[in-house]
Amino acid sequence: MKVVFIGPPGAGKGTHAFMLSKKLKIPHISTGDILREEIHNRTRLGLLAKSFMDKGELVPDEVMVDIVKNRLGKKDARLNGFILDGFPRTKTQALALGNNLDIALYFKTSAAVIISRLAGRLICRRCNANYHIKNIPPKKSGICDTCGGKLYQRKDDREETVRKRLNIYRRQTSSLITYYKQQGILKEVNGDLDLIRLHKIIFNMLKSR
Ligand code: AMP
């Protein structure tokens, strides 16, 4: 199954993709996670990506298309498909990805929910699991329930950068909703719903495919 998750930052794409990937045994491919890993390892790509990400801007299309083509060529994705989270973010990226997708799932999410989720979001340094200070707190403060890794707050989740990321989403990414609707593969869910309820909805939607 080939699925892309579309929606603003803070819509829950990463959290749901992480959970669904484990249950459905489909690789979760998050371009944000790939770039953060490169930054952590201080690679050349990481350095380049950081200069855009810290400002809340998009990394250039040609760099992103290369990364994704490379990742989708790996055996797990070729055999089982993928849940793509954070890609495509522009029309150029969508065109490069092609039209053999099964579902583009749009997480329709209100501004108030986005702001509160991003302000409290914590990420595991080791396995990239997502938590939230209030909504999804880890059992032990600052430590990942799944792998024991350390939790941190993303630099680009600070208020000023979040505003910029939301503007960029509106300007460059939101038109993909119409694009996938025209292709007849768009499904929409309410991204404001709590984690467990929305997880059940998406799980039932995907498992019946
Ligand atoms: P995310 O973890 O999906 O919120 O992505 C974090 C940041 O990584 C974004 O704000 C961009 O700077 C960069 N990024 C991730 N995916 C893409 C993409 N498909 N195109 C351009 N930049 C991206």
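What covers the buried residues of helix 10? The structure is a predicted model, in which local features need pLDDT of at least 70 and side-chain atom pairs count only at pLDDT 80 or more, while totals for chains, interfaces and linings use all residues. Residues are numbered from 1 along each chain as its sequence is written, and side-chain values use heavy atoms, with hydrogens and water left out.

Helix 10 spans residues 195-207; helices (H or I, at least four residues) and strands (E, at least two) are DSSP runs numbered from the N terminus. Its 13 residues reach 18 Å from the first C-alpha to the last, close to the 18 Å expected at 1.5 Å a residue, where the expected span is 1.5 Å times one less than the number of residues.

Leu-198, His-199, Ile-202, Phe-203, Met-205 and Leu-206 of helix 10 are buried, that is, under 20% relative accessible area, against over 50% for exposed and in between for partly exposed (1.4 Å probe, protein chains only). Seen down the helix axis, the buried residues fall within an arc of 165°, so they line one face of helix 10; the arc is that of the directions from the axis to the C-beta atoms. Their cover includes strand 1 (2-6), helix 1 (13-24), strand 4 (103-108) and strand 8 (186-190), with contact meaning heavy atoms within 4.5 Å. On the other side, Ile-196, Arg-197 and Lys-200 are exposed.

The cysteines form 0 disulfides, a disulfide being a pair of cysteine sulfur atoms within 2.5 Å. The sulfur of Cys-124 lies 3.5 Å from its closest cysteine sulfur, in Cys-147, too far for a bond.
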